[in-house]
Amino acid sequence: MKTSADRVLDYLSTVEREASALPADRRGELLADLAEHIEVTRTERPDTPIGEILAELGDPRTIAATALAETENGAARGPAGSGADAPVRRGKVHPLVPLLMMTLSLPFIMVFPDQPGPLFGVLFRIVGAVLLCTSVHWTAARKTTGVLLAAVLPSVVIATANLSDGGPSAGVPTLLANLAALALMAGTAAWLWRNRRA
């Protein structure tokens, strides 16, 4: 008897075989999107049989044909028109929410430098990173890149500036560090927004 993992591998192999006419990078993206959707659905609904999840995605031939048609027409990415379209694009949180929470955490800290400003700013950044990681609007690679560039690296830059000679009240060096971190966060948020799944 086949295990759940075997059924998922068989399903993805069928999609890959049916989508052999797609360019390799587009085919890889399609398979990664489907695999991520299956993983997210299994996490959200652990009691749902794998057969039901795969049935919701739709027939592998239909998914491959739709992806090929979209590629030929230059349409948006994603297995639209198949059973995968609605579940993959459905998210519990609007994609703008994690981006704004991470980006606006720093201005919040700068505007309200006394307690509870820094506490709320750090909480915004953490919650934004968690929402980004659990979102269905980006691939795993983009989520990782987004968290590193919009949460981890700015925190390191700001912590380094705060631990330097003058501390948080050092004036120009701290301001420059904050502005550099803010630019990095805003740029990352813009990049994520442009590369999201609709």
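Are glutamate 70 and arginine 26 buried or exposed? Glutamate 70 is buried, and arginine 26 is buried as well; here buried means under 20% relative accessible area, exposed means over 50%, and partly exposed covers what lies in between (1.4 Å probe, protein chains only). Welcome to this structure, which is a predicted model: local features need pLDDT of at least 70, side-chain atom pairs count only at pLDDT 80 or more, and totals for chains, interfaces and linings use all residues. Residues are numbered from 1 along each chain as its sequence is written, and side-chain values use heavy atoms, with hydrogens and water left out.

**The chain as a whole**

- The chain contains 9 helices and 0 strands; helices (H or I, at least four residues) and strands (E, at least two) are DSSP runs, numbered from the N terminus.
- Read from the N terminus on, the order of elements is α-α-α-α-α-α-α-α-α.
- Of the 198 residues in the chain, 37% are buried.
- The accessible surface amounts to about 10800 Å², and 65% of that belongs to carbon and sulfur atoms; areas come from the Shrake-Rupley method with a 1.4 Å probe, and for residues only the protein chains shown count as cover.
- Take the contacts (heavy atoms within 4.5 Å) between residues at least 6 apart in sequence: 64% of them join residues at least 24 apart.

- The mean pLDDT, the predictor's confidence in each residue from 0 to 100, is 80 for the chain, and 85% of the residues reach 70 or more.
- Confidence is highest in helix α2 (residues 24-44), at a mean of 88, and lowest in helix α5 (residues 85-89), at 41.
- Over residues 75-90, pLDDT stays under 50, and the model has 37 contacts beyond four places in sequence for this stretch.
- Where pLDDT is low, the predicted coordinates should not be read in detail.

**Salt bridges**

- The whole structure holds 4 salt bridges, each defined as a side-chain nitrogen of Lys or Arg within 4 Å of a carboxyl oxygen of Asp or Glu.
- One of them joins glutamate 70 and arginine 26, whose closest N and O atoms are 4.0 Å apart.
- That pair links distant parts of the chain, with glutamate 70 in helix α4 (residues 60-73) and arginine 26 in helix α2, 44 residues apart.
- Another salt bridge brings together the side chains of lysine 143 and glutamate 36, at 3.0 Å from N to O.
- Lysine 143 sits in helix α8 (residues 140-163) and glutamate 36 in helix α2, so this pair ties together parts that are 107 residues apart in sequence.
- Lysine 143 is buried, and glutamate 36 is too.
- The side chains of arginine 45 and glutamate 56 also meet in a salt bridge, at 2.8 Å from N to O.
- Arginine 45 counts as partly exposed because its relative accessibility is 28%, and glutamate 56 is partly exposed because its relative accessible area is 28%.

**A nonpolar patch and leucine 179**

- Met110, Val172, Leu175, Leu176 and Leu179 make up a nonpolar patch on the surface, with about 450 Å² of accessible area together.
- Patches are made of residues with over 30% relative accessible area and no salt bridge, where like charges are joined within 9 Å and nonpolar side chains (Val, Leu, Ile, Met, Phe, Trp, Tyr) within 5 Å.
- Helix α9 (residues 172-194) gives the most to this patch, with 4 residues.
- Leucine 179 belongs to helix α9, and it counts as partly exposed because its relative accessibility is 43%.
- From leucine 179 to proline 107 the C-alpha distance is 9.5 Å, although the two are 72 residues apart in sequence.

- Serine 13 is part of helix α1 (residues 4-18), and with 37% relative accessibility it counts as partly exposed.
- A polar atom of the serine 13 side chain lies 2.8 Å from the backbone oxygen of leucine 9.
- Between the C-alpha atoms of serine 13 and leucine 31 there are 8.9 Å, and the two residues are 18 apart along the chain.
- Leucine 123 is placed in helix α7 (residues 117-134), and a relative accessible area of 40% makes leucine 123 partly exposed.

Technical notes: A polar contact is a pair of N or O atoms within 3.5 Å; within protein, one must be able to donate a hydrogen and the other to accept it, and residues adjacent in sequence count only if both atoms are side-chain atoms.
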